Amino acid sequence: MSQLETHFLAEDPSIVLIANNTVLRSYVVKMLQHQSLQVIIIDFDKLFTGDYDLKILENAYKIVWLYESKEDSYDNYLNVLSILKEINTPTIVISNIIVNIKNFNSDLLENWRIRSEKQLQFIVDCNYYLPKASFIFVQDLIINDELGTSLEFIVENINQGILVNPNINLSFVEVDAFLEKLKKLLFVPGKQSSVLIKGEISDSSQIIDLLKKIYDAYHNVNTEIISDIVDVLEPIPFSTKIELVKFNLRSIATKIVKNLKTPQLIEEKLNIEKPELKTTSFSDHDVNNFNNKYSSDYDVGARPLGEIVDNSTLSVPTTIKVSSVSFPAPTAIKDTNDVPAPTAIKTSNTSVPLTNYISSEPSAIKVEKANQQIDVNNEIQRIFQTSRTDVKVNRIRKIAKTTTKITKKSLRKRLLFIGGIGITGAAIGVLVLALIFVVSQSILKKELLSLVLKGGISEHSIIVEKNNLGKISNFVGIQADAYGSIIDSNLISQATSMVRISEDVQVMPQVLLEANEASKNLFLQVLAGNSGKTTELAEILDDKIRLAYEKLSNIQASLEQVDFNVDSAEISSVVKEYESELVKLRSGMAIQQQLHPIISSLTGEESKKTYAIILQNNQELRPTGGFIQAIALLNFDQGTLVSHEVYSVYDLDKNLPGEIIPPEDIKKYLGEEKWYLRDSNWSPDFPTVSKQVEWFLNKSLGINVDGVIALNLFSVKDILEATGPIDLPEYNEVLTYKNLLERMEFHSEVVLVNSPESIDYSVTIFKKLINKIITIDRDNVSPLLSAIHDSLDENQLLISVFEESDQLVLHSLGWTGSLVEPQCPTRLSVVDCRVDVMAQVEANIGVNKANYYLDREINHKVIIDREKATHSRNITFTNNAKSNSWPKGTYKSYQRFYIDKKAILDQVLINGSALIDEQIAIKDYGDFKEVGIRVDVPIQKQVVVELKYSTPLDTTGNFSYVFFNQRQPGTFGDPMTVTFEHSADIKPVLIAPAAEVFGKIITFSSAHDSSLFGVEFE
């Protein structure tokens, strides 16, 4: 049998990013990917035109809409809002904004006003259509040297030599600072405060003066500053939290100046033909005198608004001598092309050409010719008058010159020899350094591998031996930094990744310890703390969790870059297990981040809350986990538990007024003529059950609850393992997680002979359990929270609340016990994807505890072709009870199967015999089709139930098929096999999770659990 390489479905959360292809989008995508998140990009234009898959938006962890207001897209955003408002996925809107202005005098700022109005309208519309969305605004974001800020309007006319000063406060945010803030804000789940990221405030005069100074120096011009008085409005018409960042104004101004338009008009003024004449220079003293004397005659301040004046100072060459000079009055420029060239300077009496004031010298051409003639005559005379002595002297000079050349050549050879030795030595030095680097990197890799093999990671700590790891990582880090600036290689990248892992791993124990302590503080505060402190402690916990999540993400991302060169399959398996533990730990941190926004609401910080906790005995199985035996009411106020009470379900049923007519199924299968609270969990959908429990409690006690929590014996067992045993002196027992099921079965038996006045055993242990949790030792808080989290993930503990926003968060975590039809996993959704659902739900209708003795084995086979998926579900029930005495006996059950609404039922068989139509109940249940049958399993017998049905596919091209099996709460560990058999015209290209493949058959083996099994075909 061959093993096809497969991929697991345990994915990182996917972020859908709606944005056009811009520089900012590339920065944001890189930042998200650095957090080891899968980013699905949908172009703004594609969303506008409908070219997208709605399921991708609905299935995402979060939707991030990056809206850049500089784009010409104000007329299109309403279409995007109409799509997003219909989707329940948490949405974050990120937008760069400018200063909002309204009143001004100069027409030069009209475009700024128009942009402000459109920007304000966009913000108002977003807040109206997406009331549950989170908003992150950034004011005047500088992206490299782009001009998508308020500066765009200040420098709009700079190519005409004009800057506009609005005389307001301005602030800017550089893209690196923005991304750092965004990284911390983006992953706060649920509803959060709107945030405005802005830089430290600077006066516009200071900014514009700096721009002018750099621009003038860069282009050798003199720009004019037009002053205006502008009214500023708040850019965001609702409350926001301000996040301040620092910025380097000079750095920003320099980048922007280099991207500004060329000064066209000034170039035209200076582009005048000038004679190439020799001139006399000004001294610095003369220039200063000139500036001081005549600068007062030229007004560079504000001019009458509406008239743009040309006050560009004429650049006077420093080689010009100037007598008394005055400038003419500035003239208004009506057209940008109508600019008079400054061809004359006005003296005290007359206007004369500029060239008249440049002192001239005799022509240089005639002088050169005369000099040439004199040189020739002298040379002829010198040749004929040379003496023999001069010849000897010349010969000696030639010999000396030759000797010098030989000496220099010899010296050059010596230098080359010495240089060769030096180069060789340098090469040897480089090789030695490279060898040291390779060896130290190898040692670091071994240290990290040793750490991984020790499995030093758990939910609350990472074990690190700092001595060797810290020293060698510091040494390798110094080398990587030094060599990385010179060369770029995979060896350097791996070294950098390993150093990063070492640094983060060494600080993780402290980070996790602080997060763990913060979670303990919050939990104890909710149980028995001071009123009003829950939100404060939740904020502290959120900060610690965010840091831990970031460190874990960095470790995970860096580990993927390191090749440990492991040959051993066993060691390779341990490395993968370590990585999966990192993912699990990081997932737990992500869940706590999602819970943070709703903690204050759940714990009554904002208003009093009452929750009902129902104890379900799954030894008598019911749809949501078991028969309801006891109910506790917990009351929260100002973030703290203030009171609790526990009731027997039979006592509450006695308080019900009148007679309540039950659903037809309860009449038929339970034989009840009245409907009681104890039978209120007949629906397989726990949110529906919660509403029913609320209704019964209102009728019985006259109270309203804000949510319902369901425990069964499996979740109670996990909690007892964390809290420790419970003393039951009234029964002369000590209840532990090991004997819980046996004791519950025993007391179910003896309750028949107890007196009516005796307290129900389940009520007693429920009271003791709640008191144990409320008075829990600090050391046991972490194990308890882990147990609760595991029970929630395994659907043995369910929670459903009636506050819609809180319920959405809990539903996204999969904790509400809803009957669900999941979206296609992201990795399989790249092609046409079909999800087939199956939920098997059974109810014990025999009024006994036969589930305690029951085993199940499930085999589900799917035959897949392009037209349909043909299903055959085979369940083998084995009743291991050895007597019919109560609470044992025949397992009598009502089995319901929830399948695709379009599914076609072929037949149902019990022990090979097909049931007739009258024995099968078929009806629609929400988005599902319900198939119900009666199944009885006598003691010491096996009964095999087989369900055959088909669902339509009708696919062309590549497609993915996913089978989702939802396990019923109260069941656990039943072995299950899922088999896909595909037709010959299609073949698998991606399988998830790992599976055995033999020919056209793909086999998945797992415990009966809520699981996805998927294959992509081509």
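Predicted model: local features only at pLDDT ≥ 70, side-chain atom pairs only at ≥ 80, totals over all residues.
## Basis of the model

Local features are taken where pLDDT is at least 70 and side-chain atom pairs where it is 80 or more, while totals for chains, interfaces and linings use all residues. Residues are numbered from 1 along each chain as its sequence is written, and side-chain values use heavy atoms, leaving out hydrogens and water.

## The largest cavity

A search of the whole structure finds five cavities of 30 Å³ or more (a cavity being a set of points, on a 1 Å grid over the protein atoms alone, where a 1.4 Å probe fits but cannot get out; points are joined across faces, edges and corners, and a volume is the space filled by probe spheres set on them). The largest cavity holds about 90 Å³ of space, and among the 15 residues that line it, P684, Q966, R967, Q968 and P969 are the closest to its centre (lining residues have an atom within 4 Å of a point).

Strand β25, residues 832-844, gives the most to this lining, with three residues (strands are DSSP runs of E, at least two residues, and helices runs of H or I, at least four, numbered from the N terminus). By class, the lining of the largest cavity has seven nonpolar, seven polar and one charged residues (Ala, Val, Leu, Ile, Met, Phe, Trp, Tyr, Cys and Pro count as nonpolar, Asp, Glu, Lys and Arg as charged, and the others, Gly among them, as polar).

## Helices α21 and α24

Helix α21 (residues 713-723) and helix α24 (residues 781-793) pack with their axes 8 Å apart, at an angle of about 165 degrees (axes are lines fitted to C-alpha atoms over the stretch in contact, and angles run from 0 to 180 degrees between N-to-C directions). The two helices α21 and α24 are therefore roughly antiparallel, a term for angles over 145 degrees.

The contact (heavy atoms within 4.5 Å) is made by S715, D718, I719, A722 and T723 of α21 together with P783, L784, A787 and S791 of α24. These contact residues of α21 and α24 divide into five nonpolar, three polar and one charged.

Methods
1 Å grid on protein atoms, 1.4 Å probe; cavity = no way out; pocket = protein on both sides within 12 Å on 5 of 7 lines; lining within 4 Å. Parallel < 35°, antiparallel > 145°, perpendicular 65-115°, else oblique.
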